[in-house]
Amino acid sequence: MPWRDLAATAAALDRWLLPGECLLCRGSAGTADELVCDRCRLAWRPVPPPWCARCGQPLEAEIACRLCAGWPAALGQVRSAVWLEDGARRAVHCLKYEGWWRVTTPMARAMKDLEPLAKPIILVPVPLAPKRLRTRGYNQSERLAAALARTIDRPVALALRRVRETPTQTALTPEARLANVSGAFAADGVRGRAVVLVDDVFTTGATLAAAAEALAVAGAAHVAAVTFARARPVLG
């Protein structure tokens, strides 16, 4: 049997075996291809304007300036589709920890109109550290970039790589996060290109900033970034 026919048969079997159940609410999703029902998708709360022109944080209580004031010049613009809460948080968890990478399709639909994607660009997923990649078996940002590429018809380039392991960022301050990932990436194949980094969640922008620096060193003409979700900042 030709490979294409075999893949189609496997996909059809997958649809037959899996119920059309929403991953988030366990109600009907219509078909097994969808994974997230319309009701749950509509419950994802968009990050509202007006935004900081650079980091995309809603302009309130000077949060935007505090978030991006320490970023390197290489990272020009970041935009996120929805807040990391409730069903959106569950979708990210399904993607990262439960192996449901096909949830990237509705996630990509939520991201498709983000401002940095409107220009001729290449999509570059943020790479995982090798140890974490071996444990998880796949890079969730790479899967999300692939779904986004199909949605907006833009190419994906695996132009970034991790050159050193970094400790988890969870308990670190924004300043410590920047120091933790500084110099953690290297890049190639982007000279003269406009690049949009793709990641699942924006927290402080430290990882995106470090990745953007590596892309700039490799000759990228411009670097922006998009994420599916954005964590609400904690002010200290």
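User: What is the hand of the α5 and α7 crossing, left or right?
Analyst: This is a predicted model, in which local features need pLDDT of at least 70 and side-chain atom pairs count only at pLDDT 80 or more, while totals for chains, interfaces and linings use all residues. Residues are numbered from 1 along each chain as its sequence is written, and side-chain values use heavy atoms, with hydrogens and water left out. A crossing is left-handed if the near helix is turned anticlockwise from the far one by less than a right angle, and right-handed if clockwise. For α5 and α7 the crossing is right-handed.

User: How are α5 and α7 oriented to each other?
Analyst: Helices (H or I, at least four residues) and strands (E, at least two) are DSSP runs, numbered from the N terminus. Axes are lines fitted to C-alpha atoms, for helices over the stretch in contact, with angles from 0 to 180 degrees between N-to-C directions; α5 (residues 104-111) and α7 (residues 140-152) pack at about 60°, axes 8 Å apart. Angles under 35 degrees count as roughly parallel, over 145 as roughly antiparallel, 65 to 115 as roughly perpendicular and the rest as oblique. The two helices are therefore oblique.

User: Which residues of α5 meet α7?
Analyst: Contact means heavy atoms within 4.5 Å. On the α7 side the partners are R143, L144, A147, L148, R150 and T151. On the α5 side they are T104, T105, M107, A108 and M111.

User: Which strands stand at the edges of the sheet?
Analyst: Two strands pair if DSSP finds at least two bridges between them. The four strands form an open sheet in the order β1-β6-β5-β2, with parallel pairing. Each edge strand has a single partner, so one side of each is left without a neighbour in the sheet; these strands are β1 (77-83) and β2 (122-125).

User: At what angle to β5 does α9 run?
Analyst: Helix α4 (residues 86-97) lies across β1, β5 (194-202) and β6, at about 105° to β5. Helix α9 (residues 206-217) also lies across β1, β5 and β6, and its angle to β5 is about 160°.

User: Which residue forms a salt bridge with E85?
Analyst: A salt bridge is a side-chain nitrogen of Lys or Arg within 4 Å of a carboxyl oxygen of Asp or Glu, and the structure holds nine. At E85 the closest N and O atoms of the pair are 3.7 Å apart, and the partner is R232.

User: Which residue does a cis peptide bond join to P49?
Analyst: Omega of this bond is about 0°.
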